[in-house]
Amino acid sequence: MAPWGGLTCCLGAAALYLLGRSSGRDAQILKSVTRVNQLKDLAQLLDTASKVLPLVVTITGRVGSNTPINCEHSGLRGVIVEETAEQHFLKHNDAGSWIQDSALMLSMCKEVPWYLDDGTAHVYVVGARGATGLVLTIGSEVFEESGRSLVRGTLDYLQGLKMLGVKRTERVLATGTPLTVVGEAVKDDVGTIRIQRPHKGPFYVSHKTIDQLIANLGKWARWYKVASVGFTVFGVYLLAKHAFHYIMERRRYWEMRKRVLAAAAKRPGQDSEGSDDKGENGSDSTKKDRLMPDLCVICLEQEYNSVFVPCGHMCCCTACSLHLTNCPLCRRRIEQLVRTFRH
Ligand SMILES: [Zn+2]
Ligand SMILES: [Zn+2]
């Protein structure tokens, strides 16, 4: 039996350690990116910065667009609008009761070109939907109950489904929202500046400020580290316990084997007499080496014939087994006793 509990804990600890390390590294990278205080400085910064290295910056401003989307349901003006429709229903399960479930019917996302504006200039943001930290606010959430009719109801019942209705949710990145964006700044031929996902490095679009982002990552890095240490300690404890049990079981096995062999040698039984007659060296010694004699390890008189459930050890006779609550080899609790017969 492999020590799965201990191994799982240790693997979990390793995964948490790696997560913590990557969070810590991200926090360090965020600390090192160039902070642009005023968007109008960014053009100059791009001109003076080396053309070879990508310039990763952090900027803040309010969301704006020349062609914002007018949301149907919430009436908000947004630059990214995501619409989802979820069918909610009751399902008849095998146990005979109804359980609530839902399925996604429709998911749509629209985005128009948009920029961040801080009053001094504006900078376009490209590919924000793939960035870390982007949260769209819920603009509207409506539940349309499905109509009830006798025919419909009967049909639903026969199919084992009861339709409840459809939930339509509209999530929006509204114009005017203050945002922080971390990404690579590039300038195209016409002179328009945009922020995009760097080939390598962080890409954040977040409602939090850069300092909050750094503090958050640092907090997560510390938390992962603490959890990793906890899991390691627990995993090592489980492994040590398993190893200790294994060693103790082997020791008990060898001690019992010694006792049983000694008892078998003393016994004026038929086995030893028979082999004595035939020849001392050959068959007798090989028999002893090969197997432990079939003696009960408790009384050392009867042959063993009871199997313990769940550990599966067979080392006692039925009479002795009835007095035991734990297996003499592995010390696991005996829940059941199975008597065996040989033919
Ligand atoms: Zn016995
Ligand atoms: Zn056992």
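Mentor: Start with one pair: T58 stands opposite V182 in β10. Keep in mind that this is a predicted model.

Trainee: What makes β2 and β10 a pair of strands?
Mentor: Two strands pair if there are at least two bridges between them. Strand β2 (residues 55-64) and β10 have eight bridges, in the antiparallel sense. The pairing therefore holds under that cut-off of at least two bridges.

Trainee: Which other strands pair with β10?
Mentor: β12 is one of them, joined to β10 by three antiparallel bridges. There, V181 has V205 in β12 as its bridge partner. Strand β11 (residues 193-196) is another, antiparallel to β10 over four bridges. In that pair V186 stands opposite R194 in β11.

Trainee: How many residues lie between β10 and β11 in their hairpin?
Mentor: Five residues lie between them. G191 sits in the turn, with a positive phi of about 100 degrees.

Trainee: Why is β10 called largely enclosed?
Mentor: A residue is buried if 20 or more other C-beta atoms lie within 10 Å of its own. Seven of the ten residues of strand β10 (residues 178-187) are buried, so the strand is largely enclosed by the rest of the structure.

Trainee: What holds strands together in general?
Mentor: Strands of a sheet pair through backbone hydrogen bonds, either parallel or antiparallel.

Trainee: Which strands does β9 pair with?
Mentor: Strand β4 (residues 77-92) and strand β9 (residues 161-174) pair in the antiparallel sense over 13 bridges. F89 stands opposite M163 in β9. Strand β8 (residues 137-145) is also antiparallel to β9, over eight bridges. There F143 stands opposite K167 in β9.

Trainee: How do you know that helix α4 has close to its expected span?
Mentor: Helix α4 (residues 210-266) has 57 residues. From its first C-alpha to its last, α4 reaches 84 Å. The value expected at 1.5 Å a residue is 84 Å.

Trainee: Which residues of α4 are buried, and what covers them?
Mentor: The buried ones are L213, L217, A221, Y224, S228, F231 and G235. Their cover includes α1 (4-32) and β12 (204-206).

Trainee: How is the protein divided into domains?
Mentor: Domain 1 covers 1-32 + 208-276, domain 2 covers 55-207 and domain 3 covers 294-343. The centres of domain 2 and domain 3 are 66 Å apart, taken over C-alpha atoms.

Trainee: Why are β14 and β15 called edge strands?
Mentor: Look at the sheet. It is open, with three strands in the order β14-β13-β15 and antiparallel pairing. β14 (314-316) and β15 (336-339) each pair on one side only, and that puts them at the edges. The twist averages 45 degrees from one strand to the next.

Trainee: How many bridges join β13 to β14?
Mentor: Two bridges join strand β13 (residues 306-309) to β14. V307 has M314 in β14 as its bridge partner. The cut-off is at least two bridges, so this counts as a pair.

Trainee: Where is the cis peptide bond?
Mentor: It joins V309 and P310, with omega about 15 degrees. P310 is found in the loop between β13 and β14.

Trainee: Why is L300 called partly exposed?
Mentor: Buried takes 20 or more neighbours, and exposed takes 12 or fewer. L300 has 18 other C-beta atoms within 10 Å, so it is partly exposed. L300 lies in the loop between α6 (280-290) and β13. Its phi is near 60 degrees, a positive value in a residue other than glycine.

Trainee: And why does R331 count as exposed?
Mentor: R331 has 12 C-beta neighbours inside 10 Å, so it counts as exposed. R331 lies in the loop between α7 (318-321) and β15. Phi of R331 is positive too, near 70 degrees.

Note on methods
Residues numbered from 1 in each chain as written. Chains lettered and ligands numbered in written order. Predicted model: local features only at pLDDT ≥ 70, side-chain atom pairs only at ≥ 80, totals over all residues. Expected span 1.5 Å × (residues − 1). Contact = placed C-beta atoms within 7 Å. Axes fitted to C-alpha atoms, helices over the stretch in contact; angles between N-to-C directions. Domains from an automatic or database assignment.
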